[in-house]
Amino acid sequence: MPPSSTISSKGQVTIPIEVRKRLGVHSGDRVEFIEKDGATVVQPAHPEENPFAKWVGVAPYFKNVEEINAWVADMRDDDVPYE
């Protein structure tokens with residue numbers, strides 16, 4: 001008999017251990033439900049890529065606001081840092 005589960009009054013189901021192992025999901029992971037060829041398929045959810053990830057590390061590291069303001073002033077060729 002294939003693995004099965006009962007839907008609770010809140011619409012929740014417990015995914016049987018053999019299915020969780022096959023999917024590679026653990027407690028706290030998200031799954032998504034995809035319609036495919038007339039059937040609903042459960043698969044691990046793939047989070048959307050962070051749109052800011054490509055910008056990580058492009059600016060220098062700053063220790064405080066004063067360093068940031070001085071860097072901005074330098075980038076703008078200003079003599080007076082912004083406050």
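## Strand pairing

In this predicted model, V31 stands opposite P44 in β2. Helices (H or I, at least four residues) and strands (E, at least two) are DSSP runs, numbered from the N terminus. Strands β1 and β2 pair in the antiparallel sense over 6 bridges; two strands count as paired if DSSP finds at least two bridges between them.

Strand β1 covers residues 31-36, and of its 6 residues the number buried is 0, so the strand lies largely in the open. Buried means under 20% relative accessible area, exposed over 50%, and partly exposed in between (1.4 Å probe, protein chains only).

## The hairpin and D37

The hairpin of β1 and β2 has 2 residues between the strands. D37 is placed in the loop between β1 and β2. Its phi is near 55 degrees, a positive value in a residue other than glycine. D37 counts as exposed because its relative accessibility is 79%.

## Aromatic and nonpolar side chains

The structure holds 1 aromatic pair. F62 and W71 form this pair, which is tilted, with 5.3 Å centre to centre and 55 degrees between the planes. Rings of Phe, Tyr and Trp (its six-membered ring) pair if their centres lie within 6.5 Å; planes under 30 degrees apart count as stacked, over 60 as edge-to-face and the rest as tilted. W71 counts as partly exposed, at 32% relative accessibility.

F52, W55 and V58 make a nonpolar surface patch of about 390 Å². Patches are made of residues with over 30% relative accessible area and no salt bridge, with like charges joined within 9 Å and nonpolar side chains (Val, Leu, Ile, Met, Phe, Trp, Tyr) within 5 Å. A salt bridge is a side-chain nitrogen of Lys or Arg within 4 Å of a carboxyl oxygen of Asp or Glu. Accessible areas come from the Shrake-Rupley method with a 1.4 Å probe, and for residues only the protein chains shown count as cover. F52 is found in the loop between β2 (39-44) and α2 (65-75), and at 61% relative accessibility F52 counts as exposed.

## The start of the chain

M1 lies in the segment before α1 and is exposed, with a relative accessible area of 95%. M1 and I17 are 16 residues apart in sequence and 15 Å apart in space, C-alpha to C-alpha.

## Confidence and conventions

The protein averages a pLDDT of 88, and 93% of the residues score at least 70; pLDDT is the predictor's confidence in each residue, from 0 to 100. Among the elements of the protein, helix α1 (residues 17-23) has the highest mean pLDDT (96) and α2 the lowest (87).

Residues are numbered from 1 along each chain as its sequence is written, and side-chain values use heavy atoms, with hydrogens and water left out. As this is a predicted model, local features need pLDDT of at least 70 and side-chain atom pairs count only at pLDDT 80 or more, while totals for chains, interfaces and linings use all residues.
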